[in-house]
Structures are given as C-alpha cells and as structure tokens.
Amino acid sequence: MDIFENIRIAIFSIRTNLMRSILTMLGIIIGVSSVIAIITVGQGGRDYIVGMIKDMGASCVQFSVDTSSASKTEYVTDKDIEAIRGLDSVSYVSPFNMSVGTLQSRNQSGVGAVIGGTNELASMFNMTPTYGRIPTAEECENGKQVAVIDPMTAYTFFGYDNVVGENISFTVIGGQTLTFKIVGVVDMAVLMKNSGTDMTEMMEQFGNMTTVTGGMIFVPATIIADLNGNAGSYEALYISASNESELESVGESTVKLMKVRHNNADRDIYKYVNLATYIDLLNTVINVFTLFIAAVSAISLIVGGIGVMNIMLVSVTERTREIGIRKALGAKTRTIMFQFLTESVILCLIGGLVGMVLGIGGAMLVAKVMKIQISVRFSTIAIAVGFSSAIGIFFGINPARRAAKMLPIEALRRE
C-alpha cells in the first residue's frame with residue numbers, strides 16, 4: 001500500500017468520526033495557535049520597544065565626569081570636544097548640562113528645567129521640530145540666546161503650540177535672568193528622561209511659589225555652563241558612533257583621551273555608559289519572557305498529544321476486525337503500523353494548520369489593538385506546525401504498534 005492510499009484511508013477515518021476527531025484536535029489547535037500568537041506578538045512588541053528606544057537616542061555613549069572628586073580644570077572643555085570628535089568612528093559629540101529655576105512668559109511663570117546641548121545632540125536624539133527649527137551649530141557655538149520649547153511647555157506658558165518667535169525668560173536659582181527667543185517646538189520627553197529631571201521634585205524646591213506650573217526648554221550648552229559657573233567646561237557629553245558596534249570602543253577611547261589631555265591617568269574620574277547595552281538587556285529580557293510564556297502554552301500541545309494517543313487506541317480497538325481481515329489477506333505488519341501512524345500525523349497536522357490560521361489571526365488582532373507592527377516569521381510557523389507533526393508521530397507510535405502486532409486469528413475472533 002502506498003502513502004497516498006494511507007492518507008486516503010486516514011482522511012476517511014477522520015471524516016467518519018468527525019466530531020471525535022475535532023475534539024481530539026482541539027488541544028493541538030489551542031497549543032499551536034497560542035504559541036504562534038505569543039511568539040509573534042512578543043517579537044513585534046520587542047521590535048516596537050527597541051525601535052522606540054533607538055529613536056530616543058539610545059545608540060550613543062553617555063560620558064561623565066565625577067564632579068565629587070574632579071576639579072573644574074579636569075572638566076570637559078571645548079578643545080577636548082574637538083579632540084574627541086577627531087577619534088575614529090565618532091559621528092556626533094555634544095555637551096549636555098542643565099539648570100533649574102523659573103520660566104516666565106508674558107502672563108505665566110513656573111518651575112523651569114533648562115537643558116543645554118548643541119544641534120548635534122538634537123541629531124543624536126532625533127529631535128524633529130513640530131514647528132520652527134533646531135538651533136544652528138553657529139548659534140550653539142556662540143551661545144546665542146535662542147531656545148527650543150516642549151509642546152506641553154508651550155501650551156502651559158503661552159496657551160497655544162506654535163510659539164516660534166515668542167520670548168521666554170529663565171531665572172536661575174541665585175538671581176541671573178536671561179531671555180530667549182523661541183526658534184522651534186520639539187517633543188523633548190527623551191531629554192527630560194536622560195537628564196534625570198523630576199518635575200515633582202523641582203516643584204517641591206519652589207514650594208513657596210504661588211503656582212506649581214512647570215516646563216522645559218532646550219538652549220545652547222555654553223549658556224548653561226556660564227549660568228552654572230563652569231564657563232567653557234562641561235560635566236557630561238553624549239557621543240554617537242558611525243556604527244553601533246563601535247560604541248564601546250568609542251567610550252573607552254574617550255576616557256583614555258581625556259586622561260591623557262588632563263594628565264590624570266592615575267585617577268578614576270571619567271566614566272562612560274554605553275546606552276545601547278540597555279537595548280541588548282531589554283531585548284534579552286523580552287525574549288526570555290516570550291519564550292517562557294510560549295513554553296507554558298506549548299504544554300497544551302503535550303496534552304493534545306495524549307488525547308490523540310487515547311483516541312488512536314480507541315480506534316485500534318474499534319477496528320480490530322478490519323485489522324484482522326487485512327492481515328489475513330496478506331497485509332504486512334509495517335503496512336498496518338504505517339497506516340495508523342499516518343492517521344495520527346494527519347490528525348495533528350490538520351490541528352496544526354487550523355491552529356496556525358487562528359494564531360496568525362489572533363496575533364494580528366492583538367497587534368491592531370496594541371497599535372504595533374508584527375511580521376509572522378516562517379521559522380515560527382515551521383516550529384509550531386513541525387512540533388505538532390512530531391506530536392502526532394510520538395503519540396501515534398504506541399497505538400500503531402499495538403495494531404500491527406495483532407495476530408490475524410485473534411483479531412478475527414473479536415466482535
């Protein structure tokens with residue numbers, strides 16, 4: 001008997017006991033669909049989160065000076081920045097500093113965080129203006145009093161979003177006041193996060209104010225350095241590389257260069273953090289979590305396999321006379337075994353294919369609700385469907401062997 005005849009007989013047997021076959025396949029369907037849906041949504045969620053973090057500028061190095069033990073002469077200078085920019089693989093370098101105080105518009109005042117950087121920092125963090133523009137390299141270098149404002153700050157202090165051309169004043173703690181011309185409106189949530197600024201803490205510092213309004217603006221770093229009493233020097237930098245794989249070497253090279261330029265190689269006052277490592281860590285955590293949930297879901301495949309074996313044993317018992325007649329007519333032991341094994345595999349394979357369709361549909365539905373992009377990978381489908389076929393073979397062997405080992409005379413005696 002060839003394989004096509006076995007398949008025909010198997011399908012006929014499944015159709016003859018359709019309801020029983022459907023209930024038997026249910027465990028396989030649930031297992032395959034849940035595994036495909038979980039892995040697909042997990043991968044899509046991971047790609048979405050990692051992509052979002054990369055868009056926020058995580059593919060860069062954060063360099064900082066230990067201000068508790070370093071003197072101001074050991075801070076980063078403009079000449080240091082130019083030297084760092086000349087290192088291999090460095091694409092962008094920008095100082096990063098901040099100051100807190102009060103912001104004042106024509107009719108509103110409140111707590112203010114002013115973050116300093118350059119146009120290169122804006123490039124690293126993908127700061128795309130909603131209105132206006134980013135300060136130019138010349139404006140940043142010359143310390144022009146221009147600013148980029150966050151949309152929420154614009155609404156808070158002006159009552160509308162396109163405030164390009166308006167003026168806003170900043171008074172640092174201690175008294176000095178500067179007025180900035182707003183040249184752009186940009187979402188700066190990522191800068192707030194990386195600066196470690198907590199608006200609640202800031203408001204508590206200004207508890208005697210009549211308002212608890214808060215906001216943030218972005219200005220050239222040279223201005224903030226002057227306000228903080230560190231004219232021409234900086235405590236922190238952000239550095240990006242032309243290739244993400246070279247970030248680690250860029251960080252190490254920057255530390256070595258600074259120690260050489262400031263002649264303090266014996267002191268551990270410079271450090272760097274490769275922000276891309278956080279992406280790798282997050283990637284690993286999400287993958288492990290997804291695989292764990294998928295493994296738990298795959299237990300239903302084992303349960304479904306046990307159900308298949310149980311039904312196949314029942315089928316062997318019901319078809320005892322059929323087996324006896326076929327063996328009496330000359331059917332070989334391996335032919336009988338292969339027939340029942342084929343039926344078991346087809347049962348699981350159909351369940352796997354149905355589960356695949358439901359799993360992909362479920363993943364697409366979840367992705368639509370979560371508003372994330374997903375891609376169903378062939379490897380995921382192959383693993384799920386292949387595993388369901390393997391379940392059919394593994395749990396079908398015992399019933400098939402039992403059918404094949406029946407003696408014709410004993411099989412024919414049974415009712």
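Me: How many bridges pair S4 and strand S8, and in which sense do they run?

Reply: First, a caution: this is a predicted model. S4 and strand S8 (residues 167–172) are joined by four bridges, in the antiparallel sense.

Me: Which strand is joined to S8 by five bridges?

Reply: That is strand S9 (residues 177–185), and S8 and S9 run antiparallel. Phe170 has Leu178 in S9 as its bridge partner.

Me: How many residues lie between S8 and S9 in their hairpin?

Reply: Four residues. Look at Gly174 in that turn: its phi is positive, about 120°.

Me: How should I think about side chains along a strand?

Reply: In a regular strand, side chains alternate between the two faces of the sheet. For a case to inspect, take Lys181, which lies in strand S9.

Me: Is Lys181 buried, exposed or partly exposed?

Reply: Partly exposed, with a relative accessible area of 46%. The cut-offs settle the label, because buried means under 20% and exposed over 50%.

Me: What is Lys181 in contact with, leaving aside its neighbours within four places in sequence?

Reply: Gln145, Val146, Ala147, Gly165, Glu166 and Asn167. Lys181 and Ala147 are 34 residues apart in sequence, but their C-alpha atoms are 6.0 Å apart in space.

Me: Now the other sheet topic. In what order do the four strands of the open sheet come?

Reply: The order is S3-S12-S1-S13, with antiparallel pairing. Strand S3 (90–95) and strand S13 (270–274) are the edge strands, each pairing on one side only. From one strand to the next, the twist averages 20°.

Me: How many bridges join S3 to strand S12?

Reply: Five, and S3 and strand S12 (residues 236–241) run antiparallel. Pro95 pairs with Leu237 in S12.

Me: Which strands does helix H3 touch?

Reply: Helix H3 (residues 78–85) packs on the sheet and touches S3 and S12. Its direction makes about 165° with that of S3.

Me: Which strands does helix H10 touch?

Reply: Helix H10 (residues 247–261) also packs on the sheet, touching strand S1 (61–65), S3, S12 and S13. The direction of H10 makes about 170° with that of S13.

Me: How do I read the faces of a helix?

Reply: An α-helix has 3.6 residues a turn, so residues three or four places apart point the same way. Apply that idea to H10. The buried residues there are Leu247, Val250, Gly251, Thr254, Val255, Leu257, Met258 and Lys259.

Me: What length does H10 reach from its first C-alpha to its last?

Reply: H10 has 15 residues and reaches 21 Å, close to the 21 Å expected at 1.5 Å a residue. After H10 comes Asn263, whose phi is positive, near 50°.

Me: How are aromatic pairs described?

Reply: By two quantities: the distance of the ring centres and the angle of the planes. This structure holds three aromatic pairs. In one of them, Phe96 and Tyr238 sit edge-to-face, 5.1 Å centre to centre and 85° between the planes.

Me: Why does the pair of Phe96 and Tyr238 tie together parts that are 142 residues apart in sequence?

Reply: Because Phe96 lies in the loop between S3 and strand S4 (97–104), while Tyr238 lies in strand S12. Phe96 counts as buried at 8% relative accessibility. Tyr238 is buried too, with a relative accessible area of 0%.

Me: What geometry do Phe125 and Tyr238 have?

Reply: Edge-to-face, with 5.1 Å centre to centre and 85° between the planes. Phe125 lies in the loop between helix H4 (119–124) and strand S6 (131–132), so its pair with Tyr238 in strand S12 ties together parts 113 residues apart in sequence. Phe125 is buried, at a relative accessible area of 2%. Ring pairs link Phe96, Phe125 and Tyr238 into a cluster.

Me: Zooming out, how many helices and strands does the protein chain have?

Reply: It has 15 helices and 13 strands. Of the 415 residues in the protein chain, 47% are buried. Among contacts with a separation of 6 or more, 80% come from residues 24 or more positions apart.

Notes: Residues are numbered from 1 along each chain as its sequence is written. This is a predicted model: local features need pLDDT of at least 70, side-chain atom pairs count only at pLDDT 80 or more; totals for chains, interfaces and linings use all residues. Side-chain values use heavy atoms; hydrogens and water are left out. Two strands pair if DSSP finds at least two bridges between them. Helices (H or I, at least four residues) and strands (E, at least two) are DSSP runs, numbered from the N terminus. Axes are lines fitted to C-alpha atoms, for helices over the stretch in contact, and angles run from 0 to 180 degrees between N-to-C directions. Contact means heavy atoms within 4.5 Å. The expected span of a helix is 1.5 Å times one less than its number of residues. Buried means under 20% relative accessible area, exposed over 50%, partly exposed in between (1.4 Å probe, protein chains only). Rings of Phe, Tyr and Trp (its six-membered ring) pair if their centres lie within 6.5 Å; planes under 30 degrees apart count as stacked, over 60 as edge-to-face and the rest as tilted.
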